[in-house]
Amino acid sequence: MARYVLQLAFDGDPRRLAARPAHREHLRRLKERGLLVTAGPWADDSGAMHVYEVADEAELRAILREDPYTAVDGYEIVLLREWTPIM
């Protein structure tokens, strides 16, 4: 398994806010399955940071395709990098 950090940027599109409950449910299910370590928006809601534990980047991109935010073009990927935490 590998850890990936994903940083997202949001715009003001109201479709994203409408999709937020489904997006958060998606994240909850990923957390229960052990694929999501942590996730949350910036305090000003301009974007978010997610940390995933997945087999590889292909698995992470498959997860993103299933995210309700993806269906409404609710974000832009600012950063997607494999991360090796030491603590």
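**A tour of the sheet and its loops**

Begin by selecting Asp73, which at 58% relative accessibility counts as exposed (buried means under 20% relative accessible area, exposed over 50%, and partly exposed in between, with a 1.4 Å probe and protein chains only). This is a predicted model, in which local features need pLDDT of at least 70 and side-chain atom pairs count only at pLDDT 80 or more, while totals for chains, interfaces and linings use all residues. Residues are numbered from 1 along each chain as its sequence is written, and side-chain values use heavy atoms, with hydrogens and water left out.

Remain at Asp73. Its place is in the loop between helix H3 (68-71) and S4; helices (H or I, at least four residues) and strands (E, at least two) are DSSP runs, numbered from the N terminus. The phi of Asp73 is near 50°, a positive value in a residue other than glycine.

Next, select Asp45, in the loop between strand S2 (36-41) and S3. Is Asp45 buried or partly exposed? At 27% relative accessibility, Asp45 counts as partly exposed. Its phi is also positive, near 60°, in a residue other than glycine.

Now display the strands. In which order do the four strands of the open sheet lie? The order is S2-S3-S1-S4, with antiparallel pairing; two strands pair if DSSP finds at least two bridges between them. S2 and S4 are the edge strands, each pairing on one side only. On average, neighbouring strands of this sheet are turned by 15° against each other, direction ignored. Axes are lines fitted to C-alpha atoms, for helices over the stretch in contact, and angles run from 0 to 180 degrees between N-to-C directions.

Finally, select strand S1 (residues 2-9). Eight bridges pair S1 with strand S3 (residues 47-54) in the antiparallel sense. On this side, Arg3 stands opposite Glu53 in S3. Seven bridges join S1 to strand S4 (residues 76-83), and these two strands also run antiparallel. Here the bridge partner of Tyr4 is Glu82 in S4, and Val5 stands opposite Arg81 in S4. In a regular strand, the side chains alternate between the two faces of the sheet.
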